Amino acid sequence: MNINSAMSKVPAVTLTFWIIKILATTLGETGGDTVTMTWLGETTSNANPNGYLIGTAIFLTALVALVILQVATKKFHPFLYWATIVASTTAGTTMADFADRSLGIGYPGGSILLFLCVMASLAVWYQSEGTVSVQTVNRPKVEAFYWATITFSQTLGTALGDWAADSGLGYDGGALVFGAALALVAAAYYRTKLSHVMLFWTAFILTRPLGATIGDYLDKPIAKGGLDISRPLGSAIIGAIVIVCILIFPQRAGEHPGKPTAR
């Protein structure tokens, strides 16, 4: 690192990053559903009338607290960063379910609304900073843009995953479609001159519906196309795998030039 460089407070975008990200988004789906559907009874005959709203309040509170810690710290901390990602994806799960089901706008309406939120967040970020590259995330203002965009993208991904599964693809079919889309983005990254920043955010959004469909495939009833694995048990297993990955795989902060560029 030269004298004009600085370290980002998010991890370098490597294969390890994407492996943990997909696991974290899967955990977000099973973890969010554990609270709202298993413990608060949504989708059952004994449903709490505000289950999705209560779940959203719980996970948003955790997310805000972790983002404050993330902003306050002076350097990249792997466990803090990934805990914040998990909080954002569980909050995204419950917020998307609240919008789609409790507010009654449906999967298409929720997906369109959340896509516009992601685009608006990126537009404001770009207007302010001249770039939306994650390699420049090392100041409170940029971190605020980063975590707002991530939360919107996680929520969008949940709605997209549910929409795909509900439209006839099923959970396994949806996972295959989003997995194939991610593979195309990866190919574009290495084989084309498309903006790496644009491709990053495209891949980041796509990992969420991939995780959502995988999570639903694991815990939904067999009659609905799932494997009927206990949500709490599945969440505990996935959470343990995430922790092992953080401990075993190298985690380092991203590096960016002192004067950021848009690419």
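These are my notebook entries on a predicted model of one protein chain.

**Entry 1: overall build**

I began with the secondary structure. The protein chain has seven helices and two strands. I then read the order along the sequence and wrote down β-α-α-α-α-α-α-α-β.

Next I looked up the dimensions. The C-alpha trace spans about 60 × 40 × 35 Å along its principal axes. For 263 residues, a compact globule would have a radius of gyration near 18 Å. The protein chain has 18 Å, so the two agree.

I also checked how the chain packs. Of its 263 residues, 49% count as buried. Among contacts with a separation of 6 or more, 76% join residues 24 or more positions apart. The exposed surface comes to about 12300 Å². Carbon and sulfur atoms supply 69% of that surface.

**Entry 2: aromatic rings**

How many aromatic pairs are there? I noted 15 aromatic pairs. I looked at Phe-17 and Trp-18 to begin with. Their ring centres are 5.0 Å apart, and 90 degrees lie between the planes. This pair is edge-to-face. Phe-17 is buried, because its relative accessible area is 3% and the limit for buried is under 20%.

Then I turned to Tyr-81 and Trp-82. Their centres are 5.0 Å apart and their planes stand at 85 degrees. An angle over 60 degrees counts as edge-to-face, so this pair is edge-to-face. Tyr-81 is buried, with a relative accessible area of 0%. Trp-82 is buried too, at 2%.

Which residues make up the aromatic cluster? I listed Phe-17, Trp-18, Phe-76, Tyr-81, Trp-82, Trp-125, Phe-145, Tyr-146, Trp-147, Phe-200, Trp-201 and Phe-204. Both pairs above belong to this one cluster.

I found a charged neighbour at Phe-204. Lys-21 lies over the face of that ring, 4.2 Å from the ring centre.

**Entry 3: cysteines**

I looked for disulfides. A disulfide is a covalent bond between the sulfur atoms of two cysteines. The count came to zero. I still looked up two cysteines. Cys-117 is partly exposed, at 24% relative accessibility. Cys-245 is buried, at 10%.

I moved on to Tyr-217. This residue sits in helix H6, which covers residues 196-219. Is Tyr-217 buried or partly exposed? Tyr-217 is partly exposed, because its relative accessible area of 28% falls between the 20% and 50% limits. Leaving aside neighbours within four places in sequence, I listed its contacts as Tyr-171, Asp-172, Gly-225, Gly-226 and Leu-227. I also looked at Ile-237, which is 20 residues from Tyr-217 in sequence. Their C-alpha atoms are 15 Å apart.

Lys-220 came next. It lies in the loop between H6 and helix H7 (231-248). Lys-220 is buried, with 10% relative accessibility. Not counting residues up to four places away in sequence, Lys-220 touches Asp-33, Met-37, Tyr-171, Gly-226, Leu-227, Asp-228 and Arg-231. Tyr-171, Gly-226 and Leu-227 are contacts of Tyr-217 and also of Lys-220.

**Entry 4: helix H2**

I picked Ile-54 in helix H2, residues 51-72. Ile-54 is partly exposed, at 32% relative accessibility. Residues up to four places away aside, Ile-54 touches Leu-40 and Asn-48. Ile-54 and Leu-194 are 140 residues apart along the chain. Their C-alpha atoms are separated by 41 Å.

**Entry 5: positive phi**

Most residues other than glycine have a negative phi. I noted two residues with a positive value.

Where is Thr-43 found? I placed Thr-43 in the loop between helix H1 (15-39) and H2. Its phi is near 75 degrees. Thr-43 is exposed, because its relative accessible area of 56% is over 50%.

Asp-228 is not a glycine, yet its phi is positive, at about 60 degrees. Asp-228 lies in the loop between H6 and H7. Asp-228 is partly exposed, with a relative accessible area of 48%. I had already met this residue, as one of the contacts of Lys-220.

Technical notes
Residues numbered from 1 in each chain as written. Predicted model: local features only at pLDDT ≥ 70, side-chain atom pairs only at ≥ 80, totals over all residues. Heavy atoms only, no water. Phe/Tyr/Trp six-rings, centres within 6.5 Å; stacked < 30°, edge-to-face > 60°. Buried < 20%, exposed > 50% of the residue type's maximum accessible area, 1.4 Å probe, protein only. Lys NZ or Arg CZ within 6 Å of the ring centre and 35° of its normal. Helix = DSSP H or I, 4+ residues; strand = E, 2+ residues; numbered from the N terminus. Rg over C-alpha atoms; globule rule 2.2 N^0.38 Å. Contact = heavy atoms within 4.5 Å. Areas by Shrake-Rupley, 256 points an atom, 1.4 Å probe, with all protein chains shown as cover. Disulfide = S-S within 2.5 Å.
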